[in-house]
Amino acid sequence: MSNPQENKKPNTEASVQKQINRRNFISFGTFAVLGAAAFGGWKALYNSAIETTGVTGEAHKPLRRALNKSELFFRNFFSNNHLVKTYPKSMAAKRVRQNTNIGSDSKLDADNWRLQVKKLSGEVLSITIDQIKALPKTELVFDFKCVEGWDQIQHWGGVRFIDFVEHFGLQPETKLNYVGMETPSKGYYVGLDMDSAMHPQTILAYELNDMPLPVGHGAPLRLIIPVKYGIKNLKRIGSINFSNHRPHDYWAEQGYDYYSGL
């Protein structure tokens, strides 16, 4: 006489195997559909039109639209109360990475360098490095981040941009939407949203590791703005202007995100 349990076992195993096969089929089918959709989306983006070069350039139009919408989203949540993490000086790199010499590749005329700041009135301030160094000094040790994927803890010293603005009477200019900065040669330039420029950790740096800025790192004065990727940290600032329209930006013209926020 046969055991009923033994008769059920083969049927049960067959049923389980059938369910496994069905789930595998659904899983692989879903993966194939999603993979095809992703490939199709990538192909559509790759073949889409390139934006007309203006303040930004070189990006595919759908990508630029996505970047601009992302900027609006993150700007709505930006707050000067959100500070980037800082570190003790002992953790700062002794050999600070120099990723590019754009902006500091021409010969520096240190004796004649002046920071030109254009006011709304049309007046242009001509400020010496000694005038800047006479302002309260701020030191910042933070994790400098590059869009290429590397990061490094670095130690910078200089004057906070908000202190610079207050000392030189630039409060009316900060009511505008953007700050533009350029090198003396005008070969390198960035555009910044005003909120990020006025962040309490944004500094005009003239020291690196307690020493005067080396030429390769933007002597005599550079921007350090820790709420942005490295491409916004302009070396060798020669001029500053203010506007309600986006200033031109070197890397945004090469297809990068204009906002470049962290």
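Reader: Is E182 buried or exposed?

Author: This is a predicted model, and in it E182 has a relative accessible area of 12%. The cut-off for buried is under 20%, so E182 counts as buried.

Reader: Which residue does E182 meet in a salt bridge?

Author: K186 is the partner, and the N to O distance between the two side chains is 3.2 Å.

Reader: And K186, buried or exposed?

Author: K186 is exposed, because its relative accessible area is 51% and the cut-off for exposed is over 50%.

Reader: Where is K186 in the fold, and what is its phi?

Author: K186 belongs to the hairpin of β5 and β6, where six residues lie between the strands. Its phi is positive, near 65°.

Reader: How many residues of β5 are buried?

Author: Five of the five, so β5 is largely enclosed by the rest of the structure. Y178, G180 and E182 are buried on one side of the strand, and V179 and M181 are buried on the other.

Reader: Which strands does β5 pair with?

Author: One is β10 (residues 239-243), which pairs with β5 (residues 178-182) in the antiparallel sense over five bridges. The other is β6, also antiparallel and also over five bridges.

Reader: Give me a bridge partner on each side. Which residue of β10 goes with E182, and which residue of β6 goes with V179?

Author: S239 is the bridge partner of E182 in β10. In β6, V179 has L192 as its bridge partner.

Reader: What is the strand order in the sheet?

Author: The order is β2-β1-β10-β5-β6. It is an open sheet of five strands with mixed pairing. The edges are β2 (124-127) and β6 (189-193), each of which pairs on one side only. On average, neighbouring strands are turned by 20° against each other, with direction ignored.

Reader: Back to charges. How many salt bridges does the structure hold?

Author: It holds 12. In general, side chains of opposite charge can pair when their charged atoms come close.

Reader: Which residues are linked in a network?

Author: E71, R75 and R246 are linked in a network of salt bridges. R75 bridges to E71 with the closest N and O atoms 3.0 Å apart, and R246 bridges to E71 with the closest N and O atoms 2.3 Å apart.

Reader: What does the R246 pair tie together?

Author: R246 lies in the segment after β10 and E71 lies in helix α2, so the pair ties together parts that are 175 residues apart in sequence.

Reader: And how far apart along the helix are R75 and E71?

Author: They are four residues apart in helix α2, which means a separation of about one helical turn.

Reader: Which backbone oxygens does the side chain of K235 reach?

Author: The K235 side chain reaches the backbone oxygen of T100 at 2.4 Å. It also reaches the backbone oxygen of G216, at 3.0 Å.

Reader: Last topic, the surface. Which residues form a nonpolar patch there?

Author: F73, F74 and F77 form one, with about 370 Å² of accessible area together.

Reader: Where is F77 placed, and is it buried or exposed?

Author: F77 is in helix α2 (residues 61-77). It is exposed, since its relative accessible area is 56%. Helix α2 also holds R75 and E71.

Methods:
Residues numbered from 1 in each chain as written. Predicted model: local features only at pLDDT ≥ 70, side-chain atom pairs only at ≥ 80, totals over all residues. Heavy atoms only, no water. Pairing = 2+ DSSP bridges. Helix = DSSP H or I, 4+ residues; strand = E, 2+ residues; numbered from the N terminus. Axes fitted to C-alpha atoms, helices over the stretch in contact; angles between N-to-C directions. Patch = residues over 30% accessible without salt bridge, like charges linked within 9 Å, V, L, I, M, F, W, Y side chains within 5 Å. Areas by Shrake-Rupley, 256 points an atom, 1.4 Å probe, with all protein chains shown as cover. Salt bridge = Lys/Arg side-chain N within 4 Å of Asp/Glu carboxyl O. Buried < 20%, exposed > 50% of the residue type's maximum accessible area, 1.4 Å probe, protein only. Polar contact = N/O pair within 3.5 Å; in protein donor to acceptor, adjacent residues only side chain to side chain.
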